Structure formats: C-alpha cells, structure tokens
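Trainee: I'd like to learn how to read a fold, piece by piece. Please take me through this one.

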Amino acid sequence: MDLGIKGKRALVAASSKGLGLGCAEALAEAGVDLVMNGRTEASLIDAADSIRSRFNVEITTVAADITTEAGRAEVLAAAGQIDILVSNAGGPPPGLWSDWDREDFIAALDANMLTPIALMKALLPDMMDRGWGRVVNITSQSVKAPIPALGLSNAARTGLTGYVAGTARQVAPSGVTINNLMPGIHATDRATSLDTGVSDAQGISMDEARAQREATIPARRYGTRQEFGAACAFLCSQHAGFIVGQNILLDGGATNATI
C-alpha cells in the first residue's frame, strides 16, 4: 500500500534502537525523510546509516537526551519543518509502590508525559497552519490495564493519554491527527531489562523468564519492532486522517479486555 507520505519529514524521538527504530525504518520505507534522535551518538549514526543505505532518504541525526529541556531545544533546532512527530522515551524502572518518592515521579513525568507534550506544543502550530500533520505517541499497554511493577510508567503515560484525548480533538479540524500506540512486550532492550528483573527475583534463567512471560500472551511470542513500525507508519499515512485521539494496543492479545 502506498501510504501517500513520500517526501514528508518526520521527527522520531529515541529512534536509535527498539520501537523508535522500528518506526523510523517503516517511515523511511514509505519515503519519509527523518530527523532521528538518540542519546548515544555511535548507535544513532549506525542506525541512520543503515536506514539511509536501504531506503535512500535524507536523515538528520541529533545525539541528545530528548527528556531534557536542553536536549529538546537541540533536536528542535535541527529539525526544521516537521510533518510527522513520533514521540518516544524509555520507560522508568520497575518497583513497588513503597519504593518511589516524589523525585521518582517527577523524573517519570518529565520523560513520559511532559516531554511529548513539549514536543507537541512546539510542532503542532506549524502543522495546523499548513493543514496537515501526524503525531503518534508511543505509550504502553499499562494505560489500558495497569502493571503493578510499573507504577511510575502507569501514572506518567496515563497522564499523557488524558492530555492527548482533549488536544487531539482540538487540532483535528486543522487536518492534524494525534494518536497513541500502546505496545505490549516487544523484543527490545526494555523487554530484556524486565526479563532480567524476573530472572534475578525468581532465580531462573533468562530463557525461562521469557518463556514465562510469553505464556501470558495469547500470540505466545513477543512482538517485533517491524510490526510496531508498520502500525506507526499507517497512523502517519494519508489513509489515517479519520483516526483521531485513539489508543491502539499492539500486545498480542495480552490485555484481557472487551473494548
């Protein structure tokens, strides 16, 4: 399917690896030029070089921490005119409700709620003036069904979801859509980190920890970044203009809900 976005320009945050990389790859395959961001310059450049060689699109790389004000300023200064925003940032660490203090919640909110809001505030006005734009926020299945060990993520990402619910309907008349993708477990560094925690806590191997988690997923496997990227690219396409303010699960059926 031709997504109809060849020649558009996308900012994909935290895109040197994992789900952000999957989104960058899928958009590049559709002919979208990229602004890619990551904290580690070497891995960011490697990812950009790989995408550039495969899809022959223009790519600007900015090594910076997108969750900081200085990092966002650097990325936005290099970005120029942006048609598509994919917001993304690593999730906060797991733990128990009794482990977290105010500073922990502030850090989670900064990374997973206030950073995407700041990026949207910076980029939405120009998209609205031009009459076209797409925003996809990578959140989590925990917005739909909270995960006890991920209380920091539950709180921050649910806050972002509430913000998007209202904002998406305000900008839609200008041809701009905002939607959220809610990933379940995908084969990324985040999954490895969570499986390591289970392995250490239960004294089992990593393979056993993964098998244990896979058994809770009806698809009986982890998702791939390519699957996730394809869904992201569709939401950014010309065909998705009537999808507004939605929260779309990509979790292999793990969230047990009727709606």
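This is a predicted model: local features need pLDDT of at least 70, side-chain atom pairs count only at pLDDT 80 or more; totals for chains, interfaces and linings use all residues.

**Reading the sheet and its helices**

Trainee: In which sense do S1 and S4 pair, and over how many bridges?

Mentor: S1 and S4 are parallel partners, with three bridges between them. To count as a pair, two strands need at least two DSSP bridges. The labels are DSSP runs numbered from the N terminus: helices are H or I, at least four residues, and strands are E, at least two. Numbering starts from 1 along each chain as its sequence is written, and side-chain values use heavy atoms, without hydrogens or water.

Trainee: What is the partner of arginine 9 in S2?

Mentor: That's aspartate 33. S1 and S2 run parallel, joined by four bridges, and together with H1 they form a right-handed β-α-β unit. Right-handed means that, with the strands pointing away from you, the path from the first strand over the helix to the second goes clockwise.

Trainee: Which way do the side chains of S1 point?

Mentor: In a regular strand they alternate between the two faces of the sheet. Here Arg9 and Leu11 go one way, Ala10 and Val12 the other, and all are buried (under 20% relative accessible area with a 1.4 Å probe, protein chains only; exposed is over 50%, partly exposed in between).

Trainee: What is the order of the strands in the open sheet?

Mentor: Read S3-S2-S1-S4-S5-S6-S7: seven strands, paired in parallel. S3 (59–63) and S7 are the edges with a single partner strand each, so one side of each has no neighbour in the sheet. From one strand to the next, the twist averages 15°. Six bridges link the parallel strands S5 and S6, and isoleucine 138 sits opposite leucine 181 in S6.

Trainee: Which residues of H8 are buried?

Mentor: In H8 (residues 225–235), they are Phe228, Gly229, Cys232, Ala233 and Leu235. Down the axis they fall within an arc of 155° (directions from the axis to the C-beta atoms), so they line one face of the helix. Their cover includes H1 (18–29) and strands S4 (84–87), S5 (133–138), S6 (176–183) and S7 (247–250).

Trainee: What does the side chain of asparagine 112 reach?

Mentor: The backbone oxygen of alanine 89, at 3.5 Å. The backbone oxygen of glycine 90 is 3.3 Å from a polar side-chain atom of asparagine 112. A polar contact is an N or O pair within 3.5 Å; within protein, one atom must be able to donate a hydrogen and the other to accept it, and residues adjacent in sequence count only through two side-chain atoms. Asparagine 112 lies in H4 (residues 102–130) and counts as buried because its relative accessibility is 3%.

Trainee: Where does threonine 67 lie?

Mentor: In the loop between S3 and H3. Its side chain makes a 2.6 Å polar contact with that of aspartate 65.

How values were computed. Contact means heavy atoms within 4.5 Å. Axes are lines fitted to C-alpha atoms, for helices over the stretch in contact, and angles run from 0 to 180 degrees between N-to-C directions.
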